[in-house]
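Here is a briefing on one protein structure. Please keep the sequence and the 3D view open while you read.

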Amino acid sequence: MAASARSNASVVVAGIRESAVTTAPGAAASVAGMTDAEILTNVADGVGHITLNRPRAINALTYGMITLITETLQEWRSHSEVSLVVLDGAGDRGLCAGGDIRALWENSSAGRNIDSRVFFRDEYRLNALIARYPKPVVALMTGITMGGGIGVAGHASIRVVTDSSRLAMPETRVGFAPDVGGTWLLGRAPGRLGEYLGLNAVTMSAADAIEAGFADYLVDDERMPHLRQALAERADPGSPAEVVLLFDETPPVSRLAADRAWIDACYSADTVPEIMERLRGRGEEQAHAAADELAALSPTALAVTLAGVRAARASGSLEAALELEYRTSAWLIEQPDLREGIRAQVIDKDRSPQWMPLIPDAAELALGNELPDSVF
């Protein structure tokens, strides 16, 4: 999910630039000033280390954080002393809970949706930069990694989850749709898992994330300090994947894998109402619960999400999927259900959104939305 752009950037980015610790290659980040920096970076022994540093907000992304990560990665692209990038989050709650959806609501309330669009555009560019980065990027997805957190970690070349990992694309719960390249990942999940995960905003365990293609390796939480040390001290700077393999554990059976029969049978239907009808006709309790979940979500957001995942599955590249997401996001922030979803979940916290009826041709309007700019 996105945060504020222009309105946030003028204040937040300036503050971050003054306090962020971005050290010269070969030097360790100094302790001074770290407490106020939202991004911590340092380079040592060939490893560039980026830490999201808003632990009280589970490292939720601001526009300034997106800007600094982008600038850091651009600087390290051709730097001879950086052969590997490690991305993690401060604190013990998670890598990244997503973005600041309250700012979306504030921008909408003030008639500044263009600010949110600027954030989306620059965030999606960062997602593509990580995916195409010429050096290995190791993302350590401990704890909560959702929404925008998937955007910075899910496209890394080496994606590590732990016992505590909880991954999700939760956008439909606030009347939005998966973005940050999430539709690209969902569209490539086995069978119809992508439709299920995207529509129902399902939270994945580590095993689920590996099954769905959102992660590559499972490492015990207690062994993570040893993995970090091994990455920093590896003898061969060209084989970080081999280092991670030394700590890799065989994941338990994924719940998603066990539920594939009813998921594939139901979520292959052409429309959301047909999916719900099939779910209610199944004998599994989980299928009935999934139908109840869909019935409580925005019909417009669900229609757009279903179309978005399937369009991304048919697209030829992550960049093409991100362009479709940009059109979709820009359309959805103009719709009443997003404001209502954020109001219910974040502003008033009554957890009782009053959704509008399905907007006719919502998917076509969203994916075909004409904008004066583009991501790439």
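The model is predicted. Strand β3 (residues 47-52) pairs with β2 in the antiparallel sense and with β4 in the parallel sense. Elsewhere, three strands make an open parallel sheet in the order β5-β7-β9. Helices α7 and α15 pack with their axes 9 Å apart.

**Strands β2 and β3**

- Strand β2 covers residues 39-44 and meets β3 over six bridges.
- The pairing of β2 with β3 is antiparallel.
- A44 stands opposite V47 of β3.
- The β2-β3 hairpin has two residues between its strands. In this hairpin D45 takes a positive phi, near 55°.
- How many of the six residues of β3 are buried? Five are, so the rest of the structure largely encloses this strand.

**From β3 to β4**

- Strand β4 (residues 84-89) runs parallel to β3, and six bridges link the two.
- G48 sits opposite V85 of β4.
- H49 has V86 as its bridge partner in β4.
- Between β3 and β4 the chain passes through helix α2 (residues 63-76). This β-α-β crossover is right-handed.

- Is β4 mostly covered or mostly open? It is mostly covered, with six of its six residues buried.
- L84, V86 and D88 point one way from β4. V85, L87 and G89 point the other way.
- Both sets are buried, the charged D88 included.
- In a regular strand, side chains alternate between the two faces of the sheet.
- Strand β6 (residues 137-141) pairs with β4 in the parallel sense, over three bridges.

- Strand β7 (residues 144-146) runs parallel to β9, and three bridges join them.
- T145 stands opposite L167 in β9.
- Strands of a sheet pair through backbone hydrogen bonds, either parallel or antiparallel.

**T145, in strand β7**

- T145 lies in β7.
- What is the relative accessibility of T145? It is 0%, so T145 counts as buried.
- Leaving out residues up to four places away in sequence, T145 touches L95, C96, I150, A153, R166, L167 and A168.

**I150, in helix α5**

- I150 belongs to helix α5 (residues 148-153).
- I150 is buried, because its relative accessible area of 0% is under the 20% cut-off.
- Residues up to four places away aside, I150 touches T145, H155, L167, A168, M169, L185 and F214.
- F214 is 64 residues from I150 along the chain. Their C-alpha atoms are separated by 8.2 Å.

**Helices α7 and α15**

- Two packed helices are described by the angle between their axes and the distance between the axes.
- Helix α7 (residues 193-200) packs on helix α15 (residues 299-314) at about 145°.
- Is their crossing left-handed or right-handed? The crossing of α7 and α15 is right-handed.
- From α7, the contact uses G194, E195, G198 and L199.
- From α15, the contact uses L302, T305, L306, V309, R310 and R313.
- The contact residues divide into four nonpolar, three polar and three charged.

**A363, in helix α18**

- A363 is placed in helix α18 (residues 362-367).
- Its relative accessibility is 16%, so A363 counts as buried. The cut-off for buried is under 20%.
- Which residues does A363 contact, neighbours within four places in sequence left aside? They are A303, V304 and A307.
- A363 and G308 are 55 residues apart in sequence. Their C-alpha atoms are 7.8 Å apart in space.

Conventions
Residues numbered from 1 in each chain as written. Predicted model: local features only at pLDDT ≥ 70, side-chain atom pairs only at ≥ 80, totals over all residues. Heavy atoms only, no water. Pairing = 2+ DSSP bridges. Helix = DSSP H or I, 4+ residues; strand = E, 2+ residues; numbered from the N terminus. Buried < 20%, exposed > 50% of the residue type's maximum accessible area, 1.4 Å probe, protein only. Right-handed = clockwise from strand over helix to strand, strands pointing away. Axes fitted to C-alpha atoms, helices over the stretch in contact; angles between N-to-C directions. Left-handed = near helix turned anticlockwise from the far one by under 90°. Contact = heavy atoms within 4.5 Å.
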